[in-house]
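Please keep the sequence and the coordinates at hand while reading.

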Amino acid sequence: MRLPVDADRLRADIEANAAFGRVETNDPEAHARTNRTGTEANRRARDRLVERLRDAGLDVTVDAVGNILGTWTPESADPEAPPVVSGSHLDSVPEGGIFDGPLGVYAALEAVRAMRDEGFEPDRPVGVVSFTEEEGGTFGNGLLGSTVATGELTLDDALALTNPDGETLGEALDRIGYRGGSAVDAATPIDADGAATTLDPASWDAFYELHVEQDTTLESAGAAAGVVTTITGITHCEATIEGEANHAGATAMGERTDALAAASEFVLDVETAANEVVSSSSPSAVGTVGSLSVEPNATNVVPGRVEAGVDIRDVETESMETIVDAARDSLARLERERGAETAFERPFDVAPTPMSDRLREAAHAAHAAADAADREAIDLHSGAAHDAMRVARVTDASLLFAPSRDGISHNPREWTDWADCAAATEVLAGALARVAVDE
């Protein structure tokens, strides 16, 4: 069954959402927004979503960590049946693009509207979700709302997280009116007493997330949509290299323990290890030293201490471990050869997450019936983390991609053509419809 979507309506929703936190630039091709959890822009984006959900006939609830859920329960559906849910997030990175997150939320809403417009009668409820603080950087490391909802982080710990100004997530959600309750009036702070509960994705029959690809695989293939097989695993490591700070002019070269010079070798060792894994076993592996903190960070002082942030990702756990082991070996060598003292921690570790075969098959079937069926839908992996990887821990989940122009994302030049947004949304609508009907 084909479920045509209203491309103009979808575009209008995304463009309206882009106005919340809009950042002016001198680039005519840039469309920047900064929409961080707890800001006025974030409140307005949430308010508009609640309004649009209600306009479409969905019942709206807001859980104790600010996740928004709209549920469509037509007469054909058993209200007690596990629902089929789709969505993503509304928050952004600083000066991010307009599609990352909102496309998934409003595509899910458009999918429900398409079902209603075509008189489709599901056997179970269909939900539209917007998860809180997916991007991280304001509160926590990312995927916050879905992490709490799936029980991997306690509600109390989440609400106690602070932003750079010292405000807790609980305080921020209270201030903008999105800390729990039924969201009868989203413009008014919601009483959390007796409502300290979160969404329960384990009670869902299925979850779909549509997202822009953030890479060039679909664009290069001329594909209409991507069906993700596995979401990459992610490890964040923190390496500390201690040398000795000393006068840059008075300290002879042979008498130095330069922490930054040692760290430069560490950076290259991680890069080399990742390249070796790519060439020998897993082409999708990546290893990045993305941050350095240098002390005392003065031009005329030999660096005495460096803290390095390492990001390692792949769809294979073994290859990730190989790069981690190489990073540890590099530090051990620097201790032997350069006399540095080192430390290594691994505070963040998420295993690769396979997507549901059942939902992937439904997505391919939906594509075959869609208007853009003359352009293929291809299988691929995701190198970025998404809420679907958390939800997949507790129920069937699937991640779909729309093409990204030049693969640019987390950037004002992020762009997905409106026709591609509509085509991928039609695939989403068809997939949701297929799993919302009992066999």
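Axes are lines fitted to C-alpha atoms, for helices over the stretch in contact, and angles run from 0 to 180 degrees between N-to-C directions. Helices (H or I, at least four residues) and strands (E, at least two) are DSSP runs, numbered from the N terminus. The model is predicted: local features need pLDDT of at least 70, side-chain atom pairs count only at pLDDT 80 or more, and totals for chains, interfaces and linings use all residues. Residues are numbered from 1 along each chain as its sequence is written, and side-chain values use heavy atoms, with hydrogens and water left out.

Helix 2 and helix 3 have axes 11 Å apart and pack at an angle of about 10 degrees. Helix 2 is therefore roughly parallel to helix 3, since angles under 35 degrees count as roughly parallel, over 145 as roughly antiparallel, 65 to 115 as roughly perpendicular and the rest as oblique. R48, L49, R52 and L53 of helix 2 make the contact with V105, Y106, L109 and R113 of helix 3, where contact means heavy atoms within 4.5 Å. By class, this contact of helix 2 with helix 3 has five nonpolar, no polar and three charged residues. Here Ala, Val, Leu, Ile, Met, Phe, Trp, Tyr, Cys and Pro count as nonpolar, Asp, Glu, Lys and Arg as charged, and the others, Gly among them, as polar.

Helix 2 (residues 40-55) also meets helix 1 (residues 7-18): their axes come within 10 Å and cross at roughly 155 degrees. The two helices, helix 1 and helix 2, are therefore roughly antiparallel. On the helix 1 side the contact is made by R9, A12, D13, A16 and N17, and on the helix 2 side by A45, R48 and R52. The classes in the contact of helix 1 with helix 2 are three nonpolar, one polar and four charged residues.

Why can helix 3 be called largely enclosed by the rest of the structure? Of its 16 residues, 14 are buried, buried meaning under 20% relative accessible area, exposed over 50% and partly exposed in between (1.4 Å probe, protein chains only). The 16 residues of helix 3 should span 22 Å at 1.5 Å a residue, and its end C-alpha atoms are 22 Å apart, which agrees; the expected span is 1.5 Å times one less than the number of residues. V105 belongs to helix 3 (residues 102-117) and is buried, with a relative accessible area of 0%. Beyond its neighbours within four places in sequence, V105 is in contact with L49, G87, S88, H89, L90, V128, V129 and S130. G119, with a positive phi near 70 degrees, follows helix 3.

In helix 6 (residues 169-176), the buried residues are L169, G170, A172, L173 and I176. They fall within an arc of 165 degrees seen down the axis of helix 6, so they line one face of the helix; the arc is that of the directions from the helix axis to the C-beta atoms. The buried residues of helix 6 pack against helix 2, helix 4 (144-149) and helix 5 (155-159). After helix 6 comes G177, whose phi is positive, near 85 degrees.

Two further residues remain. S319 lies in helix 9 (residues 317-338) and counts as buried at 5% relative accessibility. A250, in the loop between strand 10 (246-247) and helix 8 (259-280), counts as exposed at 63% relative accessibility.
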